[in-house]
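Work through the following exercises with the sequence and the coordinates at hand. Each task is followed by a worked solution.

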Amino acid sequence: MGLNTSAEAPLPVGQVSRLIGGWIERLGQVWVEGQITQLSRRPGAGVVFLTLRDPSHDISVSVTCFRQVYDEVADAVAEGARVVVLAKPEWYAPRGQLSLRATEIRPVGIGELLARLERLKRSLASEGLFALDRKKPLPFLPQLIGLVVGRASAAERDVLENARRRWPAVRFEVRNVAVQGVHAVPQVIQAVKELDALDEVDVIIVARGGGSVEDLLPFSDEEVVRAVAAARTPVVSAIGHEPDSPLLDLVADLRASTPTDAAKKVVPDVGEELERVRQLRERGLRAVRGLLDREERGLAHAIGRPVFVHPQRMVETREDELEALLARSRRTLGHLLDRADSELRHTLARVVALSPAATLERGYAVLQREDGHVVRSPEEVSAGQVLHARVARGSFSVEVAAEGLAEPAAGPGDGTGVEAGPDDGPGGGAADAAG
């Protein structure tokens, strides 16, 4: 529970230190894992002093143990080793200092480290951090490359020299960090974040030379893996040699087997690109020449066609066809006109044959009384009556004689006194002429 203090009623330093010590005493013994950064074994002293550091964070704590506790693992434990200690927290009140009193020390073996890495690998994979669909493509020609590497290391020299040999104009933004030990994890994370924040950086290479499993542990740290997964800039992992495979290789957007391989995969070779450009130019020229040759052959073939060699032939052919159609139309029209003329002549002949004028031409006459009535029967006239006679060549008047009126049915020339045509057959006389 909290203490009731104020500016007027403060607690003395000693009391505060004792209170802190009392709270720490309640913690009891705990198992603690860390990496030994400092180790002091003073000759003749019965106590060994250690500094235990968290590999993923910049936090360390002092550890003391009796010499016989350390001697049990002295052959397997040295500076840089990972250990698990059973210790009780102690508070040194006069100096206000926290330390751990270890009663047992256990080195973390390679088998246990690999088992932990395998469990961490499965956990991160289940989160999708190693999925292929989240990996970002690398730019074809990066303008600025970020490089996270140990200071003056062979890995730095391999990346820089090979990259500049392939593309002399390439530029680098280098961040020198610790690549092993307790400072490696925070420095690598800080370098990746700094380079990822620069908009000019197109790709980041994290490189290190080969080493033992313990040396490469910082690049399998969970914090490092998550920092790389969160980066918006593509990250290339070039850790160790071909057999080495830290978890950083799985989360990176591209894995290179060595730092030299990273330079080859990130930076194109200017000679290869010039050769590729030359080949593409030749291929383009061949394609254009082939197209021109094909079009030229097609044009020559088209020009060689009869319609282009003798263009007037088509006009002449059409002219012949037109003349043939014209002649055909003329013949057809002539035939139609001839047929119409023949039909007209036949019709005219029939009309002429059936007309009264034709009848008059055969010698018949038409007798009319003075009122214009045509005489069709002898009963219609009387003796001495003057009739008007119309013949083919004109007309004249006739007078009806008294003889023959009593027998109207007599034929022509029977003395009736009515003029008839020269033909004495049926139809003669005024009545037939009128018909």
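This is a predicted model: local features need pLDDT of at least 70, side-chain atom pairs count only at pLDDT 80 or more; totals for chains, interfaces and linings use all residues.

**Exercise 1. Describe the chain as a whole.**

Solution. Begin with the secondary structure: the chain comes to 13 helices and 13 strands. Next, consider burial: 31% of the 435 residues count as buried. The chain exposes about 26600 Å², and carbon and sulfur atoms supply 55% of that area. Finally, turn to the contacts with a separation of 6 or more, of which 60% are between residues 24 or more positions apart.

**Exercise 2. Determine how the span of helix α4 relates to the expected value, and what its buried residues pack against.**

Solution. Helix α4 covers residues 154-166, 13 residues in total. From first to last C-alpha α4 reaches 18 Å, close to the 18 Å expected at 1.5 Å a residue. The buried residues of α4 are A155, E156, V159, L160, N162, A163 and R166. These pack against the strands β6 (144-149), β7 (171-176) and β8 (203-208), and against the helices α8 (259-266) and α9 (270-303).

**Exercise 3. Classify the packing of helix α5 against helix α6.**

Solution. Two packed helices are described by the angle between their axes and the distance between the axes. For α5 (residues 184-197) and α6 (residues 222-230), the angle is about 5° and the axes lie 9 Å apart. Angles under 35 degrees count as roughly parallel, so α5 is roughly parallel to α6. In this contact, α5 contributes V185, V188, I189 and V192, while α6 contributes E223, V224 and A227. By class, six of the residues are nonpolar, none is polar and one is charged.

Technical notes: Residues are numbered from 1 along each chain as its sequence is written. Side-chain values use heavy atoms; hydrogens and water are left out. Helices (H or I, at least four residues) and strands (E, at least two) are DSSP runs, numbered from the N terminus. The expected span of a helix is 1.5 Å times one less than its number of residues. Buried means under 20% relative accessible area, exposed over 50%, partly exposed in between (1.4 Å probe, protein chains only). Contact means heavy atoms within 4.5 Å. Accessible areas come from the Shrake-Rupley method with a 1.4 Å probe; for residues, only the protein chains shown count as cover. Axes are lines fitted to C-alpha atoms, for helices over the stretch in contact, and angles run from 0 to 180 degrees between N-to-C directions. Angles under 35 degrees count as roughly parallel, over 145 as roughly antiparallel, 65 to 115 as roughly perpendicular and the rest as oblique. Ala, Val, Leu, Ile, Met, Phe, Trp, Tyr, Cys and Pro count as nonpolar, Asp, Glu, Lys and Arg as charged, and the others, Gly among them, as polar.
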